[in-house]
Amino acid sequence: MYSPLRLNIERKINLTNDEWNCIAEKLEIIKLKKNEFLQMQDSKCSYEVFILKGSFKTYILNDNGREVIIFFSFENEWMCDLENFYYQKPTTYNVRAMEDSEIIVISKANKMWLFEHVPKVIQFHIIMVEKANIAIQQRLLDVLDKTSKQRYQEFAERYPHKMKVVTNRNLSSYLGVSHEFLSKIKNSM
């Protein structure tokens, strides 16, 4: 059941079977239906999440009550509100399933236990935080330096299998364009 996660971890660090068993004991599988929330803005319930199946959108509600999508997350990817998880501050984001999904979660307490009992997890954690920071920087650079059309093309090339899951409304929010402008981008391609 946890094999995709083990493969993901072992691409970065080697684990013995005993180390893996310690990790697996601290994990929990959660199933979410389409449109179900994993996390709601201002809540303190936080997990580090590995997606086995499905997809999620991470977003805020602006002053007009409209969704502003920050990230999409798909199979075999990690997601976490770092400030909420590590500092137990109320979350800034909503995280909602865009399709029926299955995830593996770990609580902060269990992750801290693993740091102590399986020290290799610290090395993996550092790699994950580095990748998260790079992803955030890349997202910022994309928004500041690339056209909407370029961002659309890169998204479509990176996630062709998810283009039917991500609605035009969600994609236009992510790209920071109107629904009509997204239609023009699609038609021009």
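Me: What covers the buried residues of α2?
Reply: In this predicted model, the cover over the buried residues of α2 includes α1 (3–10), α4 (108–117) and α5 (120–145).

Me: And which residues of α2 are the buried ones?
Reply: Helix α2 spans residues 17–25, and its buried residues are Glu-19, Trp-20, Ile-23 and Ala-24. They lie on the same side of α2, because the arc they cover around the axis is only 135°.

Me: Why would residues three or four places apart point the same way?
Reply: An α-helix has 3.6 residues a turn, so residues at that spacing point the same way.

Me: Which exposed residues sit on the face turned away from the buried side of α2?
Reply: That face of α2 carries Asp-18 and Glu-25, both exposed.

Me: Changing topic to pockets: what volume does the largest pocket have?
Reply: The volume of the largest pocket is about 1300 Å³. Its lining consists of 43 residues, and those closest to the centre are Phe-71, Trp-78, Lys-131, Ala-132 and Ala-135.

Me: Which elements give two or more residues to that lining?
Reply: The strands are β2 (37–39), β3 (48–53), β5 (67–74) and β6 (78–79). The helices are α3 (82–87), α5, α6 (148–158) and α7 (168–175).

Me: Which of them gives the most?
Reply: Helix α5 does, with 11 residues in the lining of the largest pocket. Helix α5 is also among the elements that cover the buried residues of α2.

Me: How does the lining of the largest pocket divide into nonpolar, polar and charged?
Reply: There are 24 nonpolar residues, eight polar and 11 charged.

Me: And the second largest pocket, how much space lies in it?
Reply: The second largest pocket holds about 220 Å³. Of the 13 residues that line this pocket, Arg-66, Glu-67, Arg-169, Ser-172 and Ser-173 lie nearest its centre. Both β5 and α7 give two or more residues to the lining, and α7 gives the most, with four.

Me: Last topic, confidence. What is the mean pLDDT of the chain?
Reply: The mean pLDDT is 93, and 100% of the residues reach 70 or more.

Me: Which elements have the lowest and highest mean pLDDT?
Reply: Among the elements of the chain, α3 has the lowest mean, 86, and strand β8 (residues 101–106) has the highest, 98. Helix α3 is one of the elements that give two or more residues to the lining of the largest pocket.

Note on methods. Residues numbered from 1 in each chain as written. Predicted model: local features only at pLDDT ≥ 70, side-chain atom pairs only at ≥ 80, totals over all residues. Heavy atoms only, no water. Buried < 20%, exposed > 50% of the residue type's maximum accessible area, 1.4 Å probe, protein only. Arc of directions from axis to C-beta. Contact = heavy atoms within 4.5 Å. 1 Å grid on protein atoms, 1.4 Å probe; cavity = no way out; pocket = protein on both sides within 12 Å on 5 of 7 lines; lining within 4 Å. Points joined across faces, edges and corners; volume = space filled by probe spheres on them. Nonpolar A, V, L, I, M, F, W, Y, C, P; charged D, E, K, R; others polar. pLDDT = per-residue confidence, 0-100.
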